[in-house]
Amino acid sequence: MSDQAPAVTPDWSAQAADLRSQLQRHGHLYYVLDAPSIPDAQYDRLFRQLQALEEAHPELRTPDSPTQRVGGQAVDAFASVLHRVPMLSIQTETDISEHGARSFDARVRKQLHCQAADPPLDYVTELKFDGLAISLLYADHVLVQAATRGDGAVGEDVTHNVRTICQIPLRLPPQAPTKLEVRGEIYMRRDDFEALNERQRKKIASGAKNEKTFVNPRNAAAGAVRQLDPQMAAQRPLSFFAYALHFHPPQDLTLPPLEATLFGLQAYAGHAEVLRHLKDWGFPVSQHVKVVSGPDGLVAFHQEIARLRDQLPFDIDGVVYKVNSIERQALLGMVSREPRWAVAHKFPAQEEITTVMAIDVQVGRTGKLTPVAKLAPVFVGGVTVTNATLHNEDEVRRKDVRVGDTVVVRRAGDVIPEVVSVLLEKRLHESDCFHMPTHCPVCNSLAVREVGEADYRCTGGLFCRAQQKQAILHFAHRRAVDIEDLGEKIVDQLVDAGLVNTLPDLYRLGFSQWAALERMAEKSANNLLASVEKSKQTTLPKFLFGLGIRHVGEATAKALAKHFGGMDAIMDASIEQLLQVADVGPVVAQSLRTFFDQAHNREVVEQLRFCGLTWSEDAPQGRLDLPLAGHTYVITGTLPTLSRDQAQEMLEQAGAKVAGSVSKKTTAVVAGEAAGSKLEKALSLGIPVLDEAALLQLLQPPA
């Protein structure tokens, strides 16, 4: 028997070529155009077919095969690559205002000897990606080499890793030139970066050694490209944008940097046409590329991208302006290895380095305790930053932030500045780890962290100064005690002036104090005074909801009131007793118990009673003697005279449950004008439909 492998038949070769072609086409649709034409499972089947064919007949395996994206052997070191066309740097415009764009246009016009009456110049405007510049060399339409920028003259061969990036074509279509060099940026999307770090955190938590999280997407992308093992690089989610095309001069022809850069490009009218061809050949090109006219066009683009910056799915640190005309690029030339026809117009840096002077704990309007780093002042994101959030205790521990540390601070747009990471190599001495306080730093109430939550919260909601405004607004809400016209601006004045410190203070204000508020006319003061007085007559569920106890919403408040019948019974109920309420689970029961275990919260309730707040209290229920006990109703549309809240309250007082959606268990639907899908569903299920008159008739007490 012969040891030689059987010759590759034409059928096998054709089959492999057809599979490669299909996979390349579908990969381009998926990774570059974001418009997949087949399900993932079908793509995987095609991939496995090609993989099996190549394993059976290794001579069919080609460098441009999609199977080679995640294969290859690790290298011992990176080989050096001499750039036939230098990878030039671009001059940076230091003036980040609109004057930077106008200055560039003025310089270009002066160097081109343009007169004032001459028409404005056309520019191509692009994004300045915060990633890693890369050079891609294609020969006979196949990717043969990928190299980093290095020092601009010599880079490193990273072909084995770049092959793993699905957005980079391994083979170009027949209409592309046979040999060319494409340059662009390798980057990592923000969502991919967050997912990568989350995977890293899980590895670290499971005890894996030599694992770490990454500081920012750029560092993660650069590290992936410079992995010695392509299998490791393939695990990092990298993306690519193309932004330049070059042709190599003949080997025996040595050209100056500018002439080498523009060699062969004279066939194209301008840079915009080059980018269109790159896109046609299968390279991803940013959708934010524009051709603009004159300095006004440059300024408008800079301002537009500045507004969009935080909404982009990837990081940028500015925009790039390029003279569109290739002919004019040649006339403008270079200075100190920088082309005169291009400039990078940066935005304010979003990350800077500073020092942690202290770590304080702030209490938010809802009682959340947030550790905040007090920083040595640093200019970042266009403003001077002195504070940065540390989010919660887990984040402080994960990042290991300590007083005296040198840290990276990030501010994006209007987002609150945050500490991104600690530069551990700059930590000069051992310092103490951060610990969250056990009591609120504002009111000294107990600070608790609920099971399954990351945040600590102050339990002194009705007493804590930090939560005063939020507590008052919630208590006055129309679904609580309903103090009409008591809005945020009035509450701000009351608290800031020291007129109201706790809820009972609202009921101690006289006409003169209301009238003294800013922009408060006599009639408005009287209306507010009357509204406060009216709110004294409330219901137990509304009052309980108005206290703002964490996790106690309207439905839970109603269930508690119905079950216990009175406020004192609720305040004194044990965890076990609270858990007997249908709408109460362990988290809610603990929240209630924690709230009423604070003496000052009980004191506020007693003072509100002393101020005249009253509500009816019933005998504890499970009462099955109510006429509608065990029935479920749904209200939809606008009733003639009753509001939805009124109709719901009447039904619940009769023992019914009011649900938000229609099901087979619904007893009836109460429908008013403009009833929509709920009415349609009721009719389709054969569920009775009542109008307001029928509802009122149903609720009539028996004669």
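**A sheet, its helices and its salt bridges**

Four strands form an open sheet in the order S22-S21-S23-S24, with parallel pairing. Strand S22 (657-659) and strand S24 (689-690) are the edges; each has a single partner strand, so one side of each lacks a neighbour in the sheet. Strands S21 (residues 632-636) and S22 run parallel and are joined by three bridges. In one of these pairings, Thr632 has Lys657 of S22 as its bridge partner. Helix H23 (residues 644-653) packs on the sheet and touches S21 and S22, its direction making about 170° with that of S21. Helix H24 (residues 677-685) also packs on the sheet; H24 touches S21, strand S23 (668-671) and S24, at about 135° to the direction of S21.

Some conventions apply. The model is predicted: local features need pLDDT of at least 70, side-chain atom pairs count only at pLDDT 80 or more, and totals for chains, interfaces and linings use all residues. Residues are numbered from 1 along each chain as its sequence is written, and side-chain values use heavy atoms, leaving out hydrogens and water. Helices (H or I, at least four residues) and strands (E, at least two) are DSSP runs numbered from the N terminus. Strands pair if DSSP finds at least two bridges between them. Contact means heavy atoms within 4.5 Å. Axes are lines fitted to C-alpha atoms, for helices over the stretch in contact; angles run from 0 to 180 degrees between N-to-C directions.

Now the charges. The structure holds 36 salt bridges, each a side-chain nitrogen of Lys or Arg within 4 Å of a carboxyl oxygen of Asp or Glu. Arg478 sits in the loop between helix H13 (468-476) and helix H14 (488-496), Asp645 in H23, 167 residues apart. Asp645 is partly exposed at 30% relative accessibility (buried is under 20%, exposed over 50%, partly exposed in between; 1.4 Å probe, protein chains only).

Another salt bridge stays within one helix. Glu606 and Arg609 meet at 3.0 Å, N to O. They are three residues apart in helix H22 (residues 599-610), so about one helical turn separates them.

Salt bridges link Arg190, Asp315, Glu351 and Arg410. Asp315 lies in the loop between helix H10 (294-308) and strand S10 (316-323). Asp315 is buried, at 10% relative accessibility. Its side chain makes a polar contact of 2.7 Å with that of Arg190 (N or O atoms within 3.5 Å; within protein, one must be able to donate a hydrogen and the other to accept it, and residues adjacent in sequence count only if both atoms are side-chain atoms).
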